[in-house]
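Subject: Handover of a structure for your study

Dear colleague,

Please find below the structure that I am handing over to you. Kindly look through it first, and then read the notes that follow.

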Amino acid sequence: MRLLPLLGALAILGGAPLARAQDSEPETEDVLPPGEGREETFYGCSACHNTAVIRRSRLSRTQWEGLMDWMTEKHGMAPLEGEPRRVIVDYLTRHFGPAAPNPRARNPFLN
C-alpha cells in the first residue's frame, strides 16, 4: 500500500483522534445517502465518530481499505473483515469516492 493515499486520509481526518463529537442532537442514518450498506456504515462508523468525517471525505477504494486497517491498528477498532467489510467499503466508495473532475475547472492554458 502506498503511504501517500493514507497520509491524505489522515489529512482529511485532521490527524485528530477518532472521538465522537458532542452534538446537540444525535445523528440518524438519514444523514448518509440511501443505498445498500447505509445502515451498516452508519452504525459501524458512528460507534466511534460522527458521520461528518465520512461525509467530507473523498477517498478511493484503496484509501478506504487502508483507512479501515489504520483505524484497527492505531485506534483499536475491531477488525472489519469479510462480507461486512465489503458492504461498508462498497458503500463508502460508491457515495464518498473521489469526486469527478469539474470540466469547467480546467485551465485552458494547460491544454
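Which helix gives the most to the lining of the largest pocket? Please keep this question in mind while we consider the chain as a whole. The model is a predicted one.

The chain contains 5 helices and 0 strands, and along the sequence its pattern reads α-α-α-α-α. Of its 111 residues, 36% count as buried. Among contacts between residues at least 6 apart in sequence, 71% join residues at least 24 apart.

The largest pocket

The answer to the opening question is H4, which supplies 3 residues to the lining of the largest pocket. H2, H4 and H5 each contribute at least two residues to that lining. The pocket has a volume of about 230 Å³. It is lined by 15 residues, and those closest to its centre are Gly44, Cys45, Cys48, Met71 and Met77. Sorted by class, the lining comprises 11 nonpolar residues, 4 polar residues and no charged ones.

The largest nonpolar core

This core has 18 residues, of which Ile54, Trp64, Leu67, Met68, Met71, Leu92 and Phe96 touch the most other members. Two or more residues come from each of helix H2 (38-45), helix H3 (52-55), helix H4 (61-75) and helix H5 (82-96).

H4 is built of 15 residues and reaches 20 Å from its first C-alpha to its last, close to the 21 Å expected at 1.5 Å a residue. Its buried residues are Gln63, Trp64, Gly66, Leu67, Met68, Trp70 and Met71. An α-helix has 3.6 residues a turn, so residues three or four places apart point the same way. After H4 comes Gly76, which has a positive phi, near 75 degrees.

Pro33

Where is Pro33 found? It is in the loop between helix H1 (3-13) and H2. Is Pro33 buried, partly exposed or exposed? Its relative accessible area is 27%, and buried would require under 20% and exposed over 50%; Pro33 is therefore partly exposed. Leaving aside neighbours within four places in sequence, Pro33 is in contact with Arg38, Tyr91, His95 and Phe96. Pro33 and Phe96 are 63 residues apart along the chain, while their C-alpha atoms are separated by 9.6 Å.

Yours sincerely,
A colleague

Note on methods
Residues are numbered from 1 along each chain as its sequence is written. This is a predicted model: local features need pLDDT of at least 70, side-chain atom pairs count only at pLDDT 80 or more; totals for chains, interfaces and linings use all residues. Side-chain values use heavy atoms; hydrogens and water are left out. A nonpolar core is a set of buried Ala, Val, Leu, Ile, Met, Phe, Trp, Tyr and Cys residues joined through side-chain atoms within 4.5 Å. Buried means under 20% relative accessible area, exposed over 50%, partly exposed in between (1.4 Å probe, protein chains only). Helices (H or I, at least four residues) and strands (E, at least two) are DSSP runs, numbered from the N terminus. On a 1 Å grid over the protein atoms alone, a cavity is a set of points where a 1.4 Å probe fits but cannot get out, and a pocket is an open set with protein on both sides within 12 Å along at least five of seven lines; lining residues have an atom within 4 Å of a point. Grid points are joined across faces, edges and corners, and a volume is the space filled by probe spheres set on the points. Ala, Val, Leu, Ile, Met, Phe, Trp, Tyr, Cys and Pro count as nonpolar, Asp, Glu, Lys and Arg as charged, and the others, Gly among them, as polar. The expected span of a helix is 1.5 Å times one less than its number of residues. Contact means heavy atoms within 4.5 Å.
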